[in-house]
Amino acid sequence: MIGLFRRPWVRRVLSNWIQPAAIAGILVFAVMRGAENINYRWQWYRVDDFLFTSENGAWAAGPLVQGLFVTLEISVLSLFLTLVIGLVTALLRLSSSMVGRGLARGYLELIRNTPLLIQLYVMYFVLGPILGWGQTTTAIACLAAFQGAYTSEIFRAGLRAIPRGQVEAGESLGLKRLDNYRYVILPQVLRNMLPPLTNEAVSLVKNSSIVSVIAIFDLTTQGRNLIADTFLTFEIWLTVAAIYLAVTLALSTAAAMAERRRAGA
């Protein structure tokens, strides 16, 4: 058992959980002390019904868990589209086409220099009606466009880190350009980019909370609605924060385990 804790990947996994948990514990303690100063009456016993409900002996997801499913759905779909946008943008930045480089550069400057909230409003009220997008489609497209701008720089750095000899080796085997990227270059790039891509996935999950402003019933919206109905401000927001923390820590842990397998530790 002691030898298990000496393994590097075990220490990384534990550090991914222990450090955030310790910080979260300090914040919770500070909130509880502040609540005591205003004579706040805690009602944690009511939170269980917002997570899971029981009807006729059958368990069902409560509002917060339902919101979590929506958040995860939006995050997963946005992440897939983010990777596509990031890769395409990176390839355009590295291409010999002046038009392609200009389009990619313009997209990056527009997205990275404007607030995400403004982008969401523009897509929802302007592009959404023109393209016939609903709320969920608009949210996914906006998050993917925003996160894709930052992910593209990760892809670009990863592509530039591949030795020229790897590209030439694929070409010498008669591989077409697309096949060369598919079978030779991208597998190496993705393995090297796992840690920064994990950070982008975590950031995407957290940024997904902004879709609550266009009335999508994600985790944040469900929490806000419950607070309006029950006035359990501290209990609901702390529970919502704990759920987000658990999801992001699970992503970090999965990435650490995948990196361990890649390294053969």
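Mentor: Let us begin with Val126, which is partly exposed at a relative accessible area of 43%. Please keep in mind that this is a predicted model.

Trainee: Where does Val126 lie?

Mentor: Val126 belongs to helix H6, which covers residues 116-131.

Trainee: And which residues make the nonpolar surface patch with Val126?

Mentor: The patch is made by Leu117, Ile118, Tyr121, Val122, Phe125, Val126, Leu127, Ile130, Leu131, Trp133 and Val213, and its area is about 960 Å².

Trainee: Changing topic: is Gln147 buried or exposed?

Mentor: Gln147 counts as buried because its relative accessibility is 3%, and under 20% is the cut-off for that class. Gln147 is part of helix H7, residues 135-161.

Trainee: What is Gln147 in contact with?

Mentor: Beyond its neighbours within four places in sequence, Gln147 is in contact with Thr82, Glu200, Ser203, Leu204 and Asn207. With Glu200, the side chain of Gln147 forms a polar contact of 2.7 Å.

Trainee: Now the backbone. What is the phi of Ala215?

Mentor: Phi of Ala215 is near 65°, a positive value in a residue other than glycine. Most residues other than glycine have a negative phi. Ala215 sits in the loop between helix H10 (194-207) and helix H11 (219-230), and it is partly exposed at 42% relative accessibility.

Trainee: What about the phi of Phe231?

Mentor: Phe231 is not a glycine, yet its phi is positive, at about 65°. Phe231 is in the loop between H11 and helix H12 (233-263).

Trainee: Is Phe231 buried or exposed?

Mentor: Phe231 is exposed, since its relative accessible area is 65% and the cut-off for that class is over 50%.

How values were computed. Residues numbered from 1 in each chain as written. Predicted model: local features only at pLDDT ≥ 70, side-chain atom pairs only at ≥ 80, totals over all residues. Heavy atoms only, no water. Helix = DSSP H or I, 4+ residues; strand = E, 2+ residues; numbered from the N terminus. Buried < 20%, exposed > 50% of the residue type's maximum accessible area, 1.4 Å probe, protein only. Patch = residues over 30% accessible without salt bridge, like charges linked within 9 Å, V, L, I, M, F, W, Y side chains within 5 Å. Areas by Shrake-Rupley, 256 points an atom, 1.4 Å probe, with all protein chains shown as cover. Salt bridge = Lys/Arg side-chain N within 4 Å of Asp/Glu carboxyl O. Polar contact = N/O pair within 3.5 Å; in protein donor to acceptor, adjacent residues only side chain to side chain. Contact = heavy atoms within 4.5 Å.
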